Amino acid sequence: MLHDAAAFRFVGGRVSVDFTATHGLRWRDPGVERIPAPADLARWFIAAGLTDSTVPDSASTLRGAHELREALYRLMRGRVLGAPVDRRAVEVVNRWAAKAPPAVQLTADGKAKRHGAPTAGSLLALVARDGVDLLGGPHADRLRECASHTCTLLYLDTSRAGSRRWCAMQVCGSRDKMTRYRRRATAR
Ligand SMILES: [Zn+2]
């Protein structure tokens, strides 16, 4: 399975981890910016299942989104590497987590429903809160970086043994197997 470099990736297992994947191929310099324009951020919110409708967006919200994303990435990757906590990144995430997420309510027949159309800011608050919950909770030590050197996406390892090596077996796992197979074939 091949991926368009600009296509969104949802292999993180949590919305806050998936959000860090909107900056792809970080091992390259530069990587791939998957939300270069406000409309792309609105598209990501829908693809991530956070809303059904296109949120009204602005350039300043996009800048904030990029800042939040990089802060989440620094904290998550720092966690993977066992690095000290980046205080500035903590401040950025906390600033977004302090904002109000979209309002929810129960309908007359007892179903959960969003109250009104969410704003981009409220959805970013939701993403930031998920990041706080993840980084500060018991699953943080299950954060991993994909073992493929041409991927390096972050994901949450939910396998029982905690020994998953790739963001997605069908993509990076099989590519790795193929590379090793070719190497062996060439050596012979
Ligand atoms: Zn991968």
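Guide: Rings of Phe, Tyr and Trp (its six-membered ring) pair if their centres lie within 6.5 Å; planes under 30 degrees apart count as stacked, over 60 as edge-to-face and the rest as tilted. The model is predicted: local features need pLDDT of at least 70, side-chain atom pairs count only at pLDDT 80 or more, and totals for chains, interfaces and linings use all residues. Residues are numbered from 1 along each chain as its sequence is written, and side-chain values use heavy atoms, with hydrogens and water left out.

Visitor: How many aromatic pairs are found in the whole structure?
Guide: The search gives four.

Visitor: Is Phe8 buried or exposed?
Guide: Phe8 is buried, at a relative accessible area of 16%, whereas Phe10 is partly exposed at 36%. Buried means under 20% relative accessible area, exposed over 50%, and partly exposed in between (1.4 Å probe, protein chains only).

Visitor: Why is the pair of Phe19 and Trp44 tilted?
Guide: The pair is tilted because the planes of Phe19 and Trp44 stand at 50 degrees, with ring centres 4.9 Å apart. Both Phe19 and Trp44 are buried.

Visitor: Which residues form the aromatic cluster?
Guide: Phe8, Phe10, Phe19, Trp44 and Phe45 make up one cluster.

Visitor: Changing topic, which charged end sits over the ring of Trp96?
Guide: That of Lys99, 5.1 Å from the ring centre. The criterion is NZ of Lys or CZ of Arg within 6 Å of the ring centre and within 35 degrees of the ring normal.
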